[in-house]
Amino acid sequence: MSKIVKEKLDELNDLLPGQHSYSKLDDQIGSLILDHKRHPKAWYVFVAIGGLGTLMLLTSIVWLLFQGIGIWGNNQPVGWGFDIINFVWWIGIGHAGTLISAVLLLVRQQWRNSINRFAEAMTIFAVMCAGLYPLLHTGRPWVAYWLFPYPNILGMWPQFRSPLIWDVFAVTTYITISALFWFIGLIPDFATLRDKTKNAVVARVWAMLSLGWRGSAKHWHRYEQAYLILAGLSTPLVLSVHSIVSLDFAVSIVPGWNVTVFPPYFVAGAVFAGFAMVLTFAIPLRKWYGLNDLITDTHLDWMAKIMLTTGLVVFYGYLSEVFYAWYSGVIWEQALVQNRFFGPYAGLFWALWFCNGLAPQILWWPKARKNVVVLFVVSQLVSIGMWLERFVIIPMSLHRDYLPSSWGMYSPSVWDFGMFFGTIGFFILLMFLFFRFVPVINIFEMKDLLYKKTGDHVGDHHGELATAGKGAE
Amino acid sequence: MGTRGELNLSEVREKLAGKSGRAYWRSLEEVAETPEFQAWVDDEFPNRASLMNVDRRSLLKYMGASMMLAGLAGCRSMRLPSAQLVPYVNRPEEMVTGEKLYFATGYTLQGITEGIIVESNYGRPTKVEGNPKHPTTGGASSAFMQASVLDLYDPDRSKSPTKDGITNDWTTFLSDARKIVSDLKKKGGEGLAVLLPTVGSPSLIAELERFRKEFPRASIASWEPSARDKAYLGTVIAFGKPLETVYHLSKAKAILAIDSDFLASGPGFLKNARDWAASRNVDGDPESMSRLYAIEPTPSATGALADHRFPAEAEMVDQFVQALAARLGVPVSNASVGGDLSVWLEAVAQDLEKNSGHAVVIGGEYLSAEAQALCHLINLKLGAEGSLVTHHSAVAWMAGKQEDSLRAFAGAFANGDTEFLLVLGGNPAFNAPADLKFGELIKQAKVSAHLSPMLDETGRVCTWHLPESHSLESWGDGRGLDGTATIIQPLIDPLFDTKSVLELMLALFGNADSAQDIIKARWAGQGLDDQGWRAALQDGIIPNTKAAAAGLSAMPPAPIKAITGTGELEVLLRLDPTIFDGRFANNGWLQELPKPLTTLTWDNTVQLSPKHAEKLGVVSGDLVEVATASGKVTGGAWVLPGQAENSVTVHLGYGRDMNDTLIAAGTGFNAYQLWDGASAVKGSVTKVGGKVALASTQMHHYLEGRDIVREMELDALLHPHEGEHHEGHHRDISMYPDPEKEFPFEGPKWGMTIDLNVCTGCHACVTACQAENNIAVVGKDQVLKGREMHWIRIDRYYGSKDLGEMSGKKKPTRADLDNPTTHLMPVTCMHCEAAPCEPVCPVAATVHSKEGLNQMVYNRCVGTRYCSNNCPYKVRRFNFLNYNDRKFSDFKIDGKNSSRDLRVRLMVNNPEVTVRGRGVMEKCTYCVQRINAARITAKNAFAKGQREKPEPMDGEVITACQQACPTGAITFGNLADESSKLARLKKMPRNYSLLEELNTHNRTTYLTKLRNPNKEIG
């Protein structure tokens, strides 16, 4: 056995330790859906929390539509507050999913297999939460469709110079591709579930969702092609979506927004936040469902490394803003930095530097990367930090810009918080419903991994990849 | 026919066998009478596509399209109310649909009537402008004038008389009242008491004098908190008779304002501001620019504009007046000031003497009568009398004796039985001096009646509440400060069942039927024939009614009395700059108008000097208690830079005790409880703990070293090489081609300049803009959130005397707080040629016109607010809520809902300007409706061959702010017209663009402010 092969096998061993067989993998993952008793009490608690949050979201939306943006804390000069902070925050969270599923697929990183499914789900749910905001933050949401280029008798098109229009394209493309990518990846697993379930009605539902998947070689061929194409399409999205979101700010002339470093710095921030959110869900998930041998310490370790790297990129962005404020000699920029350091919201700024700059540095130590408690705490801090970053960028730049006479303060209202916590609740609800009803780990890719690890001499002695397509005959 | 059932052929044969005669059948199915065939026959369109033969893709397409259309239909479930357009059958005279009519009438405040022109749309008066023919307004207007139309449409106005709180009618009142009056007449009017506010109307004065003769024993008084007794008494002391004082400052070289806000308040301030602006004009002969000194206990607009301002307690101001009088040769004893003030006094005195003949001293109306008299005597010495100051016979009835008349009235009241009390206007139960306890007095009358626009504190304690007509609903007359008479003509029939004071006097005591007849007859008696009457109505003034300047002889001055009361502080009680004596408390425009210098709305405060606030340990918003001999009140503190250290200013008029649903209720505190009629008393202030939310429109007060307001000294303008230089014009560098070359345009290019040198910060422009452009009132809760809607705002910055601060080299110090320099800057949309708001709008709702207007398309706006974020000037305003539909009762933080009909308020709206709904952005339009109106006029004139170009000429488009401005600080015009005034101003070296380095190419630019300091003071 050559050295390279041995290393590869070791790595596979790290990613899929222990004794597995194809049917055991099917059971371990599939039974999460087929056997409701596998769900701990926590599942019910979180679904209840998520449900309440969703109700709060609905209430906030109804009241908002009834009254108008005035129920929020937005004002002059702070036209954008929680609405856009939360939009950018949620969009950013989605990014890890795309990165894991698309980019890591293209570069043949096998370790993605156990986390890509729920990272992708996270992407879709996060973009759903994000998408609410640009729609509802408009003063007249009932005419928000004017942002779409649709033929109309007025002959009016959207104004293509506005970054908000670019946003519309970026985000709609993003949600479409992500949803397709996710669904296509699910087809073989739906087929597995269809075959495994004993309930005829449920089997029918799985049969419909699996779109007649029989696991034939032709199916697999088509599947791989489609999946690869979508991965190829998604890859630029990792960079483009958040770059475009960052252009909402970079294109403007508001001091603190008009920053050329924003696109890469936003992308890094998005991946940073996304991995923090993946960890937030992965750590309890593998504990509750006994998936330690599928989402392994190695996975956590590598995700922590990505977080550390992107965190450093983000922090470099912070430092460069400070440096250029001084180096440019532009008084607006200097006043901005001064306002961040010592202004009325300075506490939030320093909290940001702590959460995103200081806290992730603990991940330099391998022990910290393997310690789930430390990782969980750091990922919480990063999530908070990334939210604070958007607060620092959006209201803190707006509240003191050019004319001191127009300086003001921004304080969010109870409805701002209602909608924010509401989207978090909605996200939790969707995630936990997802754990219950959709294979949370990609079954067939795990089997693929097992096949690569063991060759065709272990497990079910057929060793075929297409175990999923048992009912193919 | 989609599917066919199985055919039973034997059944078919059987059926055919049973038929006789010729049978036709279309198909075997018909014969078999299958249900399918029956359905096919029954179906009207048997060959249409059914769901089953639509393929999946098309089905999805149709479904998608149908759902989308269904969804779109749901987007506007609310239909617009249906209305009908019916042409006039008998068109009212002069009424042309779509055209405005203008009527000249008068606006009366403090008994002084000034000429106004009121715009009428379809019979609704909607906008007030100054009458250019009137000698004091000169075409300009005040915020009070502008806001008077809103009072007309106040939904809280009483709609009919009430007796003991129950709805009644005029007939009952008049028959009851006439019976009482005829009884009392037998006793010569004993038991009859009539109280009026200040009266300046010659016709009403004649009626009142006649009443006095008919009812010699009746008790009568004329008083209101804003009665100008001290001003009249000042002339009584100086010259022996009550006189009006009129200043003519356009040729002045040195002006000393002694606790006088002559530029922004008081009768005649419009003329003062206009003349002062002329004296500051450096266009012709810069050397002739006047110099303004101010000494005052509390900051005023005049103090803010002064070249040298000295903050001094009212007591010290009194000493200063005596010392100055002594220094300038008026025989007064007991005159000296010490310290810095003596140096200041000497420098000022020298400057006044040097400019003798062109120097004037203006004593404020809050000064004691003796001090005002000294000012008049100083002016005599300075040779200002007759040129810079003229005196004319007093306009007000009982001039100088108004408070005495009230005290005598109250005394008589307390002593004898009052059968019938008539309060013809005013609100004495609320605002009479606290020691009189007037509300209690009224209750002693057997029958009392109060004429007032709405049920207020006085109306509640009277038997009868009688609704009063607005001045736009009734006939009247009045005199300006110099005696010029104006006929007040109604523009609209009374909206409700109301009467004016004159009408009520006539109904009760008179012998004529209509007020119009009385007035017309009276002026006919003065030689105004029918033609002259019509001309007077059209011009708004009656010619040759100006009172001749009075011949004067100086009297010996009287010593100034010390301020009464005890306490370590002096409490200055003053009329509120926006709601006046409280009469405008229900006027949303004025409640929300930022008070000059403090930028506060919806509240009055206890204004403390920074030093004293530090001593008490209070900051703005802390609750403090103010106590004087008359009483004590608790209110929010406001730390006011420039306030004299040991003086406290409290504004009267707030704290109305009104029905909760009125907007007047629940704002501020009632300072009348501290007031015994004197404008300054000794008192004390203590911190009581707790806070009050104060809604100020500006939270930050320093320039932060930014190049925003530019100021320079006159010397620097005269000798450019010696003075300091601002950076020259930034060179425009752009990667884009020059739009002027890319899109050449021949038409007008609209632009504006605002001359900081003469802006007095009087806020008339703000209210004018609000009236013209249907700008919503948002309420205190929204102002607290920073959501006020004014399209033009007046920024106020504090700085230090050192102009170095302006260029960022020096920060204002602690000492500068005690006497800061104040910079005023009106800010409105800059109409940038390269507007940052435009490219960021996702739906192209804000776009540029060819003529250079940055336009808002309300219908297109979806409300992302991105444009506002990207506006460096923050001039855009967003309808966060449906402000125009907001009930006035919602304007308060704890407002209760009311079911009043608010439709009447909609009548004030300008029909040429869209009323904006919730969720859209708005901002200054350069009054585009006025541009278009002028263009239509020009085109019509062009079509008739009356002019050469179908475009408005210079000066034909006047924006609302420009029209209101008393100093002409705002100039609007066409930049493309090289000969226009605007083009000339833009070429001046003083012209600069705000935040020029942003390369937004503003169409609105500023003219640098000039200071003309006296080197002696340094």
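**Notebook: a helix, an interface, some domains**

I started where helix 3 of chain A stops: A:Gly68 follows, and its phi is positive, near 115 degrees. Helices here are DSSP runs (H or I, at least four residues), numbered from the N terminus. I note that this is a predicted model, where local features need pLDDT of at least 70, side-chain atom pairs count only at pLDDT 80 or more, and totals for chains, interfaces and linings use all residues. Residues are numbered from 1 along each chain as its sequence is written, with chains lettered from A and ligands numbered from 1 in the order in which they are written.

Next I checked the length of helix 3 (residues 41–67) of chain A.

I looked for its buried residues (20 or more other C-beta atoms within 10 Å of their own, C-beta atoms placed from the backbone). I found A:Gly50, A:Gly53, A:Met56, A:Leu57, A:Ser60 and A:Leu64. Their cover includes helix 5 (116–136) and helix 16 (414–437) of chain A.

Then I turned to the two chains. I see 40 residues of chain A in contact with 43 of chain B; contact means C-beta atoms, placed from the backbone, within 7 Å. Helix 6 (163–196) and helix 11 (331–342) of chain A each supply at least two residues of chain A's side. Helix 6 of chain A gives the largest share, three residues.

The C-alpha centres of domains 2 and 4 of chain B lie 31 Å apart.

Conventions: Domain bounds come from an automatic or database domain assignment. Two residues are in contact if their C-beta atoms, placed from the backbone, lie within 7 Å. A residue is buried if 20 or more other C-beta atoms lie within 10 Å of its own, exposed if 12 or fewer, and partly exposed in between; C-beta atoms are placed from the backbone.
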